[in-house]
Amino acid sequence: MSVAKRLASQTAVYGVSSIVGRVLTYLLVPFYTKAFAPAEYGVVTGLYAYVSFLNVVFTYGMETTYFRFANRAGTDRRELYDRVLSLLLLSTVALSVLLMLLARPLLGLLEIPPGHEEYAYWVALILGLDALSAIPFARLRLENKARKFAGIKLAGIVVNVALNLFFIVLCPAVMSGKWLPALQPLVARVHDPTMGVGYVFLSNLVASGLTLLLLGRELLDFRFRLNLSFLKPLLQYAYPLMLMGLAGMVNETLDRILLPKWLPDNFYPGQSSLTAVGIYGACYKLSIFMQLVIQAFRYAAEPFFFSQSTEKNSPATFALILKWFTLCCAVIFVGISLNVEDIAGQFLKRPEYLQGLAVVPVLLLANLFLGVYYNLSVWFKLTDKTYYGTYIGAGGAVLTIVLNFLLIPVLGYMGSALATLACYFMMAVLCWRLGERHFPVPYPALRLGLWLLFAVGLVALGQWIVPAGWWARHTWHAGLTVLFLAALYVVERPRQTAAAA
């Protein structure tokens, strides 16, 4: 099996947990948007934006560091595992306690009124449990135990989804007499109707705890060892990755934090700033299909890239992987963007959420460039020049903040979406240009750029010309999608066949 096929195979296995799990989670969106008004859903969106930031702080680049040092000659992988997890255990306890002490100020930043401090406590515990799971999961990836990795991840997600459905759908239906009224006394003991969105965080907490328990074998194999001289080179490699991750989270989630701060009063008539955040966050979920591919690819690609770094033909392999990754993402971009109204109609159950759909194609394209950046970033990880990732991420963060500041007052959440696109595009281009100097790879940049322009043109054409009637509109959009697929087949298949010959 070729290295590219092996990577694709591993990506498919990781994709089971990533794609199936994300789809299950995504299926909660209709229930959230039906049960919670946009302002309530804005609380969930805002707090999980902070979670994304803090996840990076809690793990501070140790997963990638573990992969890098585990693949160095002469490394005792068992000792490395113990040292890294020992350090992470100490830092996780300290950070979780600190976060609980800062519960009220954190909730105040989101303009959440007093009386819901438990949200922050639960978030702190979720972050701690997930951080402790990170290195055992990394060990499974390093040992190519993709099936076990996927199984545990999926089990946690299934429990999370099941608890959400129980507390948010089943319990209210029973208490209202709509379903199984005989169970009302039992449900009344476990369900508090005033908790509302709190059940979203509580369900996540239980699922994170179960995930850590399912990693019991990897945790029982752990021995606490702490040696500062041993950890020093790890931390030197890791801290630029943490800074890069923080910058990445600025680019990925800061818009949902800045939006309520910088959105002018009554920008959207009759809607509060938290309502706008809820609408934007729900529409952001529609870019999930691109995120699924990227996440599954990253799980498989990171250890794969490190293992291939010493191979003579690794640059050609990396170029081939980027090419097909980009083309697959372009197909997703075209297909979803042309059918976004139909997809949204199935998941966003309140009509007020639908007014934000214009941001979806922009966010899909932005995530495509983020995936390209993850591919290109292999050069500074393999050359131990991770500080370049920090510089690139910091540049993206500055651009994100500046553009949000300039565009939110003018364009609302569309300004945030455009800022995200500009940031990821800039990061991908900058990473590619720097990589050409330090780790040359024959990426087909011009060819891929033309394909992306073609994809954007088809989406723009589909949104500009909208035939009247359901059948005419769907036939038109399906025809544009088929045109893109046919063009890919005609142009790229002969090249692939020739290469194989």
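Trainee: Happy to start with confidence: in which helix is it lowest, and in which is it highest?
Mentor: Good place to begin, as this is a predicted model. Helix H1 (residues 3-26) has the lowest confidence, at a mean of 60. The highest is at 94, in helix H10 (residues 198-214).

Trainee: Thanks! How many helices and strands does the protein have?
Mentor: Buried residues make up 52% of its 501 residues. Among contacts between residues at least 6 apart in sequence, 84% join residues at least 24 apart. As for the elements, the count is 22 helices and 0 strands.

Trainee: Is H3 roughly parallel or roughly perpendicular to H13?
Mentor: Two packed helices are described by the angle between their axes and the distance between the axes. Here, the axes of H3 (residues 38-59) and H13 (residues 273-284) come within 7 Å and cross at roughly 70 degrees. Angles of 65 to 115 degrees count as roughly perpendicular, so H3 is, relative to H13, roughly perpendicular.

Trainee: Which classes of residue make up the contact of H3 with H13?
Mentor: On the H3 side, the residues include Pro38, Tyr41 and Val43, and they meet a set in H13 that includes Leu274, Gly278 and Ala282. By class, the contact of H3 with H13 has no charged residues, and the rest are 8 nonpolar and 5 polar.

Trainee: Is Leu165 buried or partly exposed?
Mentor: Leu165 sits in helix H8 (residues 146-175). Leaving aside residues up to four places away in sequence, Leu165 touches Leu28, Phe31 and Leu170. Buried would need under 20% relative accessible area; Leu165 has 30%, so this residue is partly exposed.

Trainee: What is the phi of Leu180?
Mentor: Leu180 is placed in the loop between H8 and helix H9 (184-190), and at 53% relative accessibility it counts as exposed. Most residues other than glycine have a negative phi. Leu180 is not a glycine, yet its phi is positive, at about 40 degrees.

Trainee: And where is Asn266 found?
Mentor: Asn266 also has a positive phi, near 60 degrees, in a residue other than glycine. With 53% relative accessibility, Asn266 counts as exposed. Its place is the loop between helix H12 (228-262) and H13.

Terms used
Residues are numbered from 1 along each chain as its sequence is written. This is a predicted model: local features need pLDDT of at least 70, side-chain atom pairs count only at pLDDT 80 or more; totals for chains, interfaces and linings use all residues. Side-chain values use heavy atoms; hydrogens and water are left out. Axes are lines fitted to C-alpha atoms, for helices over the stretch in contact, and angles run from 0 to 180 degrees between N-to-C directions. Helices (H or I, at least four residues) and strands (E, at least two) are DSSP runs, numbered from the N terminus. Angles under 35 degrees count as roughly parallel, over 145 as roughly antiparallel, 65 to 115 as roughly perpendicular and the rest as oblique. Contact means heavy atoms within 4.5 Å. Ala, Val, Leu, Ile, Met, Phe, Trp, Tyr, Cys and Pro count as nonpolar, Asp, Glu, Lys and Arg as charged, and the others, Gly among them, as polar. pLDDT is the predictor's confidence in each residue, from 0 to 100. Buried means under 20% relative accessible area, exposed over 50%, partly exposed in between (1.4 Å probe, protein chains only).
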